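Work through these exercises with the structure in view. Try each task before you read its solution.

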Amino acid sequence: MEKNKVGEFHFVTESYLMDFRGRITIPMIGTYLLHAASCHAADRGFGYNDMTERHTAWVLSRLAIEMTSYPAMSESVTLYTWVDEVGKLFTSRCFELVNGEGKTFGFARSIWAAIDMETRRPTLLDVEGLSAYITDRPCPIEKPGKIAPVENNTSGESYRVKYSDLDVNGHLNSIKYMEHLLDLFDISLFREKEISRFEIAYQSEGKYGMELTLHNQEISPDKYNMSICHDGKAISRAAVTWI
């Protein structure tokens with residue numbers, strides 16, 4: 001039964017997934033995580049189609065990724081995922097990333113909520129059903145927390161939500177938030193350093209044509225707080241630590 005609680009998924013990195021350094025990116029890792037989460041939930045009766053039948057949908061609320069190294073091209077990646085907490089409105093899912101030699105190179109933690117498809121408001125989770133898949137497998141990274149605002153301290157860069165930003169629900173794709181925020185860093189930083197922790201909080205949905213401002217501020221050496229705002233209010237906040 002314990003084995004059934006942990007999902008195991010396999011990937012092989014490809015050239016089109018790499019950045020200019022020949023390394024997989026944080027947004028691509030995010031794509032792996034979302035794929036594994038979706039498949040793991042579907043295999044246990046809580047996937048996209050199951051939720052749609054209940055007129056509900058999963059939404060990602062928070063995500064934290066910590067990396068000790070990054071796969072290069074043609075490397076195999078094994079991704080494990082499991083549920084570690086279930087509440088009335090939120091559930092917590094963990095991930096472990098392992099290379100072809102069996103060495104762990106990253107962990108991630110995520111927090112999810114379910115919303116009513118019509119009202120877009122949070123709805124109660126099936127606590128009993130989801131709790132059957134809770135496991136105490138360790139995930140030794142800090143949980144996502146509150147990220148201090150920086151939008152009032154910076155002018156920000158303008159961006160308008162476009163077609164390629166949209167997901168299946170017609171809203172700003174979760175991975176696109178990550179891509180647009182990381183684009184705020186100068187390429188020299190990517191040449192010299194690596195991201196050791198990336199954390200993001202999704203606060204509201206971006207929509208097609210929405211005018212956004214993207215903010216970035218270094219709050220201490222190699223640590224940055226960021227935000228995406230619309231009409232002066234944050235729709236997402238993030239924190240990035242470099243090494």
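**Exercise 1.** State the volume of the second largest pocket and describe its lining.

*Solution.* Start with the volume: about 250 Å³ for the second largest pocket. A pocket is found on a 1 Å grid over the protein atoms alone, as an open set of points where a 1.4 Å probe fits, with protein on both sides within 12 Å along at least five of seven lines. Grid points are joined across faces, edges and corners, and the volume is the space filled by probe spheres set on the points.

Next, the lining. The second largest pocket has 15 lining residues; a lining residue has an atom within 4 Å of a point. Asp19, Thr25, Pro27, Leu182 and Phe190 lie nearest the centre. Two elements, α2 (26–43) and α5 (174–182), each give two or more residues to this lining.

Now sort the lining by type: nine residues are nonpolar, one is polar and five are charged. Here Ala, Val, Leu, Ile, Met, Phe, Trp, Tyr, Cys and Pro count as nonpolar, Asp, Glu, Lys and Arg as charged, and the others, Gly among them, as polar.

The model is predicted: local features need pLDDT of at least 70, side-chain atom pairs count only at pLDDT 80 or more, and totals for chains, interfaces and linings use all residues. Residues are numbered from 1 along each chain as its sequence is written, and side-chain values use heavy atoms, with hydrogens and water left out.

**Exercise 2.** Is Asp19 buried or exposed, and which side chain does Asp19 contact?

*Solution.* First, locate Asp19: the loop between β1 (7–12) and α2. Helices (H or I, at least four residues) and strands (E, at least two) are DSSP runs, numbered from the N terminus. Then check the relative accessible area of Asp19, which is 19%. Buried means under 20%, exposed over 50%, and partly exposed in between (1.4 Å probe, protein chains only). So Asp19 is buried. Finally, a polar contact of 2.8 Å joins its side chain to that of Arg21. Such a contact is a pair of N or O atoms within 3.5 Å; within protein, one must be able to donate a hydrogen and the other to accept it, and residues adjacent in sequence count only if both atoms are side-chain atoms.
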